[in-house]
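This report describes the arrangement of a sheet and then turns to the confidence of the model.

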Amino acid sequence: MEVYYYRGLAYYKKGDFKSAIPDLQEAVTLQHQNEGNIHWFLAKSHENLGDHQHAIAEYTNAIFKLKNDKAAHAKLLFERGQVYEGINNPVAAYDDFVLAASLNVDDQSIREELDRLVKNNPSLASRKNNLPQQVAATSETTISPQTTTEKKNDNKREGGGKQNDGIAKNSTAQNSQPVTVKDDLKIPQTQSPATNSFLAELAATYKNEKRYALVIGNGSYPKSIGALRNPVNDATDLAKELRESNFDVQLLTNVTYVQMREAMRKFNQKLTEGPKDETVGLFYFAGHGVAHDEENYLVPIDANVEFEDDIPRMCFPVQRMVLANMERTSSRMNIVILDACRNNPFPSATRSIDHGLAEMKRARGSFIAYATAPGSVASDGTGRNGLYTQELLKAIDRPGRTIEQVFKEVRANVRSLTDGKQNTWDSSNIIGEFYFKFQ
C-alpha cells in the first residue's frame, strides 16, 4: 500500500500523471489512511490530462473525505469550481465558489473569482441575492483587473502562490510529501450543499434514462445439487436497492429453467422497447453456476444433470442467452452481476467441469462483475447475505459514484474481509458513465 502511494506521488511530482493515476488508485483500493489527499492528487492528475469528468469525480471524493478540514474543504470546492468553469458549467462553478467563500471568508482570491464569474455570466447575477450572509458581507463590489486574475490562475496551474499550496501542508506538485494524516472518515449519509449541486447535475443529465433489471436468486436446490442459504435474500435485498435507484425490477426466486427463459424474454422486450442510447439493462443472478466448454451456465432449481451433455440442455447459458440478447436491444449499457462462483454442483456427472466461472470476452458495451476471479470459487455466506452481495449493497447505496468506483470498493472490502482469499473480478468495455444513485 505504501509503495503504491509513494510511487504515485513520485510520478505526480515529476509530472507523469498518466503513470501516477493507477498507483494512486491502487493505494485507495488498499484503503490507505490518507485517502482524502490521494483523491486530491488523482483529481489534479486527471485535470492535468484534460479529463475533466474524472477530475470532478475525484474532487468530490476528496470533499467527502476531508469535509471536516475547513481550509481543505474550501480549497477543494474552489478548485472543482474552476474545473466546472473550464467545461462551461458556470452554475455549478458559482455554487462551488460560493460555498468555498463561506468556508474561507478571508480569502480574497475566491471572492475575486466569484465576481469575475458573475461579470462574465450576467445570468448568474440574480443568484447573488442568495449568497450566504458572511460571503455577501465581504464580497467585493469591483472586479479585479483581468490580467491579475489570469496571473493568479497561471500561478495556480504551476503550483505557485499561497492559495495553491495543496490541500495539506507541502502538497503542491513541486513540494508534495506524503502526508501522515489519519483519515478514517466515512462517506456521510447526508451530503453538503456542494455535493447536492453535483448530484443534482447528474440527476438532470440522466433524467431520461430508463433502467430495467432482472434479478434472480436460486437457493432451494435439491439435495443432489446442494441448497444455498443466501441467494434468495441476496436477490430480494438487491431488488429493493435497485428500485430505490430508479430501476424497473423483475424479481424471481427459486425458479425453473422455463421460468428463467420467460423472465429473460420479458426483460429483453423492455430493453428493446426502451429509448435508444438512454436505456440501461442489469442482470443479476445469485445461486449455483458452472463453466463448461467456454460457456458459463446458471443452474435452475429443476436442473437434473446426470451426464455432461445435460448441462447445455438443463442450465441457462450466460453468454448465449443473457449477454447476446442484451446486445441486440436498445440498451446503451449492459450490466451483468454473477454471484454464482461456487463449487461444481454436479460432481457425479463429470470431472471436466471447470471450477468457478470463466471470463466472458464477448460483451459489447457491457460491464460484467463476478463474485470472485475466473476459475476460483467463493463460499456461501453465514449471515443474511453472501459476502459479495453484502458489500455490493453497501457500495451502491452511496450516491454520486461511478460504476467503476462502486465495484472497486466491493473488491477492496471483500479482499480485506477474507484476508485476501477472495478476489472479485470485473470485465468492462463500456463507453460513458453510469451512476447507481443521485441522492
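## The sheet

In this predicted model, six strands form an open sheet with mixed pairing, in the order β2-β1-β3-β7-β8-β9; strands are DSSP runs of E with at least two residues, helices are runs of H or I with at least four, and both are numbered from the N terminus. Two strands count as paired if DSSP finds at least two bridges between them. The edges are formed by β2 (247-253) and β9 (425-428), each of which pairs on one side only, and the twist from one strand to the next averages 10°.

Strand β7 (residues 331-339) runs parallel to strand β8 (residues 366-370), and five bridges join the pair; Leu338 has Tyr370 in β8 as its bridge partner. Helix α16 (residues 403-417) packs on the sheet and touches β7, β8 and β9 (contact means heavy atoms within 4.5 Å), with its direction at about 10° to that of β8. Axes are lines fitted to C-alpha atoms, for helices over the stretch in contact, and angles between N-to-C directions run from 0 to 180 degrees.

## Confidence

The protein chain has an average pLDDT (the predictor's confidence in each residue, from 0 to 100) of 77, and 76% of the residues score at least 70. Among the elements of the protein chain, β2 has the highest mean pLDDT (96) and helix α9 (residues 146-158) the lowest (37).

Over residues 129-194 the pLDDT stays under 50, and the model has 117 contacts beyond four places in sequence for them. The pLDDT is also below 50 over residues 347-356, a stretch with 24 contacts in the model beyond near neighbours in sequence.

## Basis of the values

Residues are numbered from 1 along each chain as its sequence is written, and side-chain values use heavy atoms, with hydrogens and water left out. Local features need pLDDT of at least 70 and side-chain atom pairs count only at pLDDT 80 or more, while totals for chains, interfaces and linings use all residues.
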